[in-house]
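Thanks for coming, everyone. I'll keep this brief. Have a look at the model first.

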Amino acid sequence: MSSSVSPKKSSRVLTLLGRLAALAAVYAFFAILTPGAKGFTSDANTQLMLQDIAVVAMAAIGMTIVIIAGGIDLSAGSAIALSMITTAHVLNLGPDGSRLVLQHPVLLPLLAIVAAVGVSVAIGFINGALVTWLRIVPFIITLGTMQMARGLAKLVANEQNIYPPAEVQDFWIARLLDPAKTVFTWPFLPAAVWLVIGAAVLTALFLRYTRLGRHIFALGSNEKTAVLCGVPVARTKVLVYMIGGLFSGLAGVLFFARLGAIGQPTEAIGYELFVIAAAVIGGASLLGGRGTILGTMIGALIITILRNGGVKMGWPQYTQEIVMGAVIIVAVAIDNLRQRGRS
Amino acid sequence: MSAATLLSVSGVQKNFGATRALRGVDLTLGRGEVLALIGENGAGKSTLMKVLSGAHRADAGEMTLESEPYRPAGPLHARSLGVCMIYQELALAPHLSAMENILLGIEPTIGPFMNWRETRAIARRALDEVGLTALDPATPVAELSIAERQLVEIARAVAVGCKVLVLDEPTSSLTRKDVQALFALVRRLKSKGVAIVYISHALEEVEALCDRFTVMRDGETVGHGRVGEVPVHRIIAMMVGRDVADLYPRSAHTPGEPVLELRALAGAKLPKSAGLSLRRGEVLGIAGLIGSGRTETLRALFGLDPVAAGELRIHGRPAPSAGPAVRWAQGLGLVSEDRKTEGLAQNLSVAENLTLSRLDGLGPWRFVRPSRQNAAAAPWIQAFPIKCQGGEQPVEALSGGNQQKVAIARLLHHDCDVLLLDEPTRGIDVGSKAQIYTWIDRLALGDPAAGKAPKAVLVVSSYLPELLGICDRIAVMTRGVLGEARPVAEWTEHSLMLAATGQDQRA
């Protein structure tokens with residue numbers, strides 16, 4: 001190639017700058033319109049947003065991988081609820097008054113996380129296995145497992161909220177999203193946000209630099225080509241949904257912390273739509289083969305800012321919903337026009 | 001301009017941003033005339049079609065239809081003026097019936113309701129006219145064969161009383177018999193005064209069917225003539241802009257040990273029985289009609305479809321049933337007949353597609369470094385050569401010929417010993433064809449000086465001159481049974497056709 005900067009690279013940078021500009025615009029909009037100590041940019045509100053971002057972004061990492069592979073995971077919201085319930089359930093084990101967690105304040109929360117993530121990965125496995133072996137489109141399969149996981153969460157919780165002992169609220173698991181004193185003192189951000197950043201970086205590297213990562217793109221771009229080239233398509237698909245489940249599970253643990261160490265089986269209903277929207281605003285194509293973790297992270301920020309900013313503006317629920325819907329459509333439309341302009 | 005001139009195009013230009021897709025196109029078309037529009041892919045034929053159909057507006061130039069200025073506002077307008085297109089990728093709604101498709105967009109109605117009686121009557125007349133007399137107009141298009149679908153689409157043109165019919169590579173997915181039926185229909189339409197533009201790569205078809213030809217290259221018309229008055233090699237020279245001395249280079253190959261042996265291989269449906277022995281340093285061709293089981297044979301032995309019975313040996317060792325991953329590892333590589341939906345991942349890059357089957361060595365352990373991926377693709381892009389902006393360019397931006405070269409280069413990157421090529425030159429331009437033939441020859445020859453052993457190549461093709469031009473031996477598949485492979489010198493196009501249709505007395 002003659003030029004030093006390839007056309008693809010320069011357009012990638014442009015796309016990224018466009019997304020960042022959109023993010024800045026959305027942020028500036030609310031920052032200007034709701035000024036003051038109780039406004040959008042106040043420390044308290046920033047901390048609140050960071051908590052929400054952590055949950056959406058964690059789940060969106062997994063969803064991006066599923067979408068790149070040409071799939072969709074509608075069960076994400078229910079998986080989040082189920083893993084939240086599992087976390088609460090494990091922390092609530094033992095007889096009344098002397099819960100196990102009080103004797104094992106480190107071990108049992110760890111166990112809870114392993115169980116929560118395990119359950120969610122299992123749902124991912126079922127998703128992947130059914131999509132692969134029944135050859136039914138993932139939309140239908142995960143629509144089914146969405147209902148089943150939700151039902152399971154309610155079953156485990158006995159259709160009630162689960163309240164682990166009050167002491168748990170001071171344990172590390174409940175403080176994952178604990179706000180740092182201000183954004184400008186160490187550790188700057190809640191532990192979970194660091195976790196999300198770490199997971200995002202690792203996943204981006206995984207997608208770009210490993211064989212499995214390249215296989216995921218190939219699978220999503222053209223499954224038949226992947227088969228032809230000897231890509232283990234069935235295995236890759238199952239793994240993709242399991243990775244999706246892994247991140248939903250982690251998001252569920254964060255959701256548990258976000259709610260103040262409570263397990264609510266009816267929470268996170270429809271949450272998968274925010275997660276999918278984050279990926280799509282970030283440039284992932286529902287046709288597969290296209291998407292980036294960095295884009296999705298920006299998408300998650302935009303989604304969270306919109307939800308939070310709308311509340312700060314005192315908009316009624318319906319206005320928030322209308323704005324959110326419009327932003328999703330506009331974002332994807334702009335992306336599509338750019339794509340078309342290039343080819 | 002003679003009195004019989006129906007459509008004339010002069011000086012038409014069309015730009016897309018900085019790309020000059022049409023630089024100046026002139027052609028005339030008379031009533032009852034069949035004009036061949038030929039040129040390599042990317043010469044601007046499709047753009048011209050879109051300008052004619054009103055899908056694109058010309059930036060400059062004049063078009064007249066029946067001596068009136070012709071400025072179609074869109075495809076429906078063009079159709080109402082009597083200019084109809086039959087695209088290569090058929091534009092039918094598979095869930096709708098034949099009659100609904102024929103009258104799509106111009107449905108006869110009574111008030112707001114469909115007039116089904118009228119719909120059926122118009123469709124019936126149109127279907128009769130294109131020779132589908134036995135077809136119930138209410139049949140869903142999904143239940144029709146490719147050839148029937150094409151005829152339904154022509155019926156759609158006939159139903160609006162089209163004056164100019166443009167056919168884009170209409171025979172590319174038809175069987176020999178259907179091609180004859182299509183030719184008969186074109187002649188019938190011609191005798192009724194319909195003017196036909198026939199876009200094709202196959203010069204044999206042009207000779208058989210067309211009155212005149214117009215050659216396009218790089219967005220311009222570069223030559224006109226009467227078919228039969230200009231020798232074929234002159235036409236090819238016009239198309240590629242240079243003389244193609246010999247399309248089929250063939251060196252003397254020295255076959256070595258057998259590397260691929262099939263004995264009575266059978267698939268779930270097809271093939272019924274396929275036996276052959278392919279040797280290193282040899283190009284073996286499989287001829288036969290579409291649907292005779294040639295593609296299925298390749299797919300079964302490559303592990304893409306299940307094997308029902310029979311024996312397969314690779315490099316002299318028995319090779320039990322296995323998936324494509326194992327076949328790649330055994331040194332086999334397959335180029336699919338359908339590069340669009342199977343052969344290539346269209347929105348991935350050239351380098352990504354080229355290296356997909358063998359990502360090892362492009363990074364430590366199971367890692368893949370994109371820079372190494374590009375570096376691995378670069379020599380093939382240069383050697384073939386593949387016309388692209390570099391390994392990072394998405395495959396979908398490449399012309400058909402260059403896409404096909406990427407699909408074949410994948411096998412070269414993989415360093416396959418046995419290359420299974422299914423219709424390797426279907427629908428691509430002559431220049432790319434020549435390059436692919438050269439590579440096939442070179443691969444079978446090997447390069448002892450560079451330590452490159454000869455490869456074995458198995459080619460499935462429906463294009464007989466190609467098989468006769470590049471193969472050392474040819475076997476013919478007839479209704480699922482593969483005949484004996486015989487040296488190419490013992491075959492002619494005629495005898496291959498006889499064998500393919502099951503009339504070969506020797507077989």
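One caution before we start. This is a predicted model.

Domains of chain B first. The domain assignment gives domain 1 as 5-240. Domain 2 comes in two pieces, 247-331 + 416-507. Domain 3 is 348-415. How far apart are the C-alpha centres of domain 1 and domain 3 of chain B? They lie 36 Å apart.

Now the second largest pocket. Its space is about 1000 Å³. Where does it sit? Domain 1 and domain 2 of chain B both give residues to the lining, so the pocket lies between them.

The lining of this second largest pocket has 42 residues. Nearest the centre are A202(B), E204(B), E205(B), S462(B) and Y463(B). By type, the lining divides into 21 nonpolar, eleven polar and ten charged residues.

Which element gives the most to that lining? That is α7(B), with five residues. Several elements of chain B supply at least two residues each, including α6 (176-191), β15 (283-288), α15 (430-445) and α17 (493-500).

On to the cores. The largest nonpolar core holds 128 residues. I154(B), L165(B), L260(B) and L420(B) touch the most other members. Helix α15(B) contributes the largest share of this core, eight residues.

Setting aside residues up to four places away in sequence, I154(B) touches I86(B), V130(B), L165(B), L167(B), L182(B), L185(B) and L189(B).

Q320(A) sits in helix α13, residues 317-342. Is Q320(A) buried or exposed? Its relative accessible area is 17%, under the 20% cut-off, so Q320(A) counts as buried. Beyond its neighbours within four places in sequence, Q320(A) is in contact with R307(A), G310(A), V311(A) and W315(A).

Then A234(A), in helix α10, residues 233-258. A234(A) has a relative accessible area of 34%, so it is partly exposed. What about V131(A)? A234(A) and V131(A) are 103 residues apart along the chain. Their C-alpha atoms are separated by 9.2 Å.

That's the tour. Over to you.

How values were computed
Residues are numbered from 1 along each chain as its sequence is written. Chains are lettered from A and ligands numbered from 1 in the order in which they are written. This is a predicted model: local features need pLDDT of at least 70, side-chain atom pairs count only at pLDDT 80 or more; totals for chains, interfaces and linings use all residues. Side-chain values use heavy atoms; hydrogens and water are left out. Helices (H or I, at least four residues) and strands (E, at least two) are DSSP runs, numbered from the N terminus. Buried means under 20% relative accessible area, exposed over 50%, partly exposed in between (1.4 Å probe, protein chains only). Contact means heavy atoms within 4.5 Å. Domain bounds come from an automatic or database domain assignment. On a 1 Å grid over the protein atoms alone, a cavity is a set of points where a 1.4 Å probe fits but cannot get out, and a pocket is an open set with protein on both sides within 12 Å along at least five of seven lines; lining residues have an atom within 4 Å of a point. Grid points are joined across faces, edges and corners, and a volume is the space filled by probe spheres set on the points. Ala, Val, Leu, Ile, Met, Phe, Trp, Tyr, Cys and Pro count as nonpolar, Asp, Glu, Lys and Arg as charged, and the others, Gly among them, as polar. A nonpolar core is a set of buried Ala, Val, Leu, Ile, Met, Phe, Trp, Tyr and Cys residues joined through side-chain atoms within 4.5 Å.
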